[in-house]
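I wanted to go through this model with a notebook open and write down what I looked up. Here are my entries, in the order I made them.

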Amino acid sequence: MSLQDFHFYVAMAGTVAFAGSAVLSVADRKVDLFTAVVLGLITAVGGGTIRDVILDEPVFWLSSLSYLWVALATSVVTFFGSEFLGRHFVHRLFLYVDAFAVAMFAVEATGKVWRLDVGVPIVPVILGVVTAIGGGLIRDVLIGRPTLLMSRDLYAIPVVIGCTVLALVLAFAPEYRVHGSIVCLVVTFGLRAAAIRWDLQVPEWGTMGFKKKQAAS
Amino acid sequence: MSLQDFHFYVAMAGTVAFAGSAVLSVADRKVDLFTAVVLGLITAVGGGTIRDVILDEPVFWLSSLSYLWVALATSVVTFFGSEFLGRHFVHRLFLYVDAFAVAMFAVEATGKVWRLDVGVPIVPVILGVVTAIGGGLIRDVLIGRPTLLMSRDLYAIPVVIGCTVLALVLAFAPEYRVHGSIVCLVVTFGLRAAAIRWDLQVPEWGTMGFKKKQAAS
Amino acid sequence: MSLQDFHFYVAMAGTVAFAGSAVLSVADRKVDLFTAVVLGLITAVGGGTIRDVILDEPVFWLSSLSYLWVALATSVVTFFGSEFLGRHFVHRLFLYVDAFAVAMFAVEATGKVWRLDVGVPIVPVILGVVTAIGGGLIRDVLIGRPTLLMSRDLYAIPVVIGCTVLALVLAFAPEYRVHGSIVCLVVTFGLRAAAIRWDLQVPEWGTMGFKKKQAAS
């Protein structure tokens, strides 16, 4: 299996996880198949779409239809199998695959924008984060749920750390580009997996307005 | 009247319906004229804007200003005439014109993207749906109302059916392109009009989580 | 100090005000540093990003990284200093600088689009308004707060007036381009500053549904 093959399979697994967890997240609302498919598609390709539009690159799914077909099929299967797929251990599996996909899409996007030499060093980090969490943000807005920005879950912060570390490697030790990418992928996934495993959250003292609240009490 | 003229007049009627029903939908909230105009404009041109940006085509209203002037004028007139225009039978008329416009914009967008040969066959269907419902989604998000994705109204599903049938025609019987477009337009409009006329909704058994709810009771 | 220098400093002051007031606006919610930075960045560059994407121009912050660094630094400083910066008089200062920045970005965008000769005269006005309020709209949607469209604050209306007057000057008296821009800037800022100073709002009779409400009582 070549590196390109590996990459393709991980991207597809990530698309499955993105679409599947999006549909599962509305399993308790009375949504129809159409809504499930729209949410699955948007979550899977939304972040990359924003990235490509901002870069004025061709939107990736206009030519790589696999992303759409896989997201579509996953959404349909999850819609009909939500009872089974929503079970605790399957749902957790989705979360871990989602964590790996988020890490991979983010690291990959940061590396790609860096190679295009656009706005180095800050734009690659920003677009890495946008790629990873953009789809989820649109989904949450469309279903009227508080976005992950307003939650204390450790979802985006591992991504920021991973992309930033990668940017530092690319800036100061570009000869370690490949190793750096792998390390950042592992670090991002590791942090997110730990957050899932032990229900880690941003501690209260890490939030704004903490002191104010404390002083008031 | 040439076909192009016919198309122009229907597009303008659709713009009127989009903008007018957007403004009527906030008639009971205390919004000012500016808000009414913004909502009217976004609803009228939002979906097509997303489509053009994704395709990297020139955004249609940058050169066809009629869409903007008509949406602007409609929003102003509806703002001041909301008492009369909000009456039951006028409002219903708006809904039917809106249904026809949605059908026409969707069928037209699917056909156009197919001719551009972008991501055939799935991308034309997706962008047809985006063109038809994108503006309404942005409007609902901006006014803080549940989007149509979370409602059980038969609004988007007729569009999906129409665009999909058209894609099948274009794929397997391209010689019937014109007839197919007309049939899809009629089918989409017919389904939506029936939904308006008889208050049709997605039945409960067609939603996810239905079995779960039933088992729990 | 050249005109270009002046413009740069005002743009940076505006970026500081946009990012700072965005972070202050969530000071009472328990958001973490990441969320503060995302909201600061989006509020500062969101409107201009939408404008550039619609015009199919290169997104301005891909090459002018100062906007990003300044918004990033401001968000971090505001996060840690929210107790001091949130005090009444500092907060008011932010509001006035924000008002000046809104006015400047709007007038500048209208002028720029007019020079590009895109969709004159209505598109320059629309994109001026989008540039000024787009970032704030995205921010409010992401934090789940009613957007400024649903409030009666005099925020966007001064912008509309300023951009419209500038469009009239550019259309009928283009020789007064420079003077017109300055006057529009002053008028927009003046109206907004008056609204901040005296808590001006859109009067109830200026809203839709007012007569209906009155008749019912």
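Predicted model: local features only at pLDDT ≥ 70, side-chain atom pairs only at ≥ 80, totals over all residues.

**How the copies meet**

I began with the interfaces: only 8% of the interface residues of chain B are also interface residues in chain A, so the copies meet through different surfaces. For contact I took two residues whose C-beta atoms, placed from the backbone, lie within 7 Å.

Residues are numbered from 1 along each chain as its sequence is written, while chains are lettered from A and ligands numbered from 1 in the order in which they are written.

**Symmetry**

I laid chain B on chain A and got an RMSD of 0.0 Å, with a turn of 120° and a shift of 0.0 Å along the axis. The two copies are thus related as by a three-fold rotation axis. The superposition is by least squares on the C-alpha atoms of residues with pLDDT of at least 70 in both copies.

**Chain B against chain A**

Here 25 residues of chain B touch 26 residues of chain A. On the chain B side, α2 (33-55), α6, α7 (156-172) and α9 (210-216) each give two or more residues. I checked which gives the most, and it is α6(B), with four residues. Elements are DSSP runs numbered from the N terminus: helices are H or I with at least four residues, strands E with at least two.

By class, I found 15 nonpolar, five polar and five charged residues on this side of chain B. Ala, Val, Leu, Ile, Met, Phe, Trp, Tyr, Cys and Pro count as nonpolar, Asp, Glu, Lys and Arg as charged, and the others, Gly among them, as polar.

**Chain C against chain A**

This contact takes 26 residues from chain C and 25 residues from chain A. In chain C, α2 (33-55), α3 (66-80), α4 (82-85) and α6 (122-143) each supply at least two residues of the side that touches chain A. The largest share is from α2(C), with six residues. I noted 16 nonpolar, five polar and five charged residues on that side of chain C.

**α5 and α6 in chain C**

I then looked at how this pair packs. The axes of α5(C) and α6(C) come within 8 Å and cross at roughly 150°; axes are lines fitted to C-alpha atoms, for helices over the stretch in contact, with angles from 0 to 180 degrees between N-to-C directions. Residues of α5(C) in the contact include Phe105(C) and Trp114(C), and those of α6(C) include Leu127(C) and Val129(C). By class, the contact has 13 nonpolar, three polar and no charged residues.

Where does Pro121(C) lie? I found Pro121(C) in the loop between α5 (88-115) and α6 of chain C, and the peptide bond from Val120(C) to Pro121(C) is cis, with omega near 5°. In chain A, the bond from Val120(A) to Pro121(A) is cis, with omega near 5°.

Asp56(A) has a positive phi of about 60° although it is not a glycine. Asp56(A) is in the loop between α2 (33-55) and α3 (66-80) of chain A, and with 15 C-beta neighbours inside 10 Å it counts as partly exposed. The cut-offs, with C-beta atoms placed from the backbone: buried at 20 or more other C-beta atoms within 10 Å, exposed at 12 or fewer, partly exposed in between.

Asp117(B) has a positive phi of about 60° and is not a glycine either. Asp117(B) is exposed, with 9 other C-beta atoms within 10 Å.
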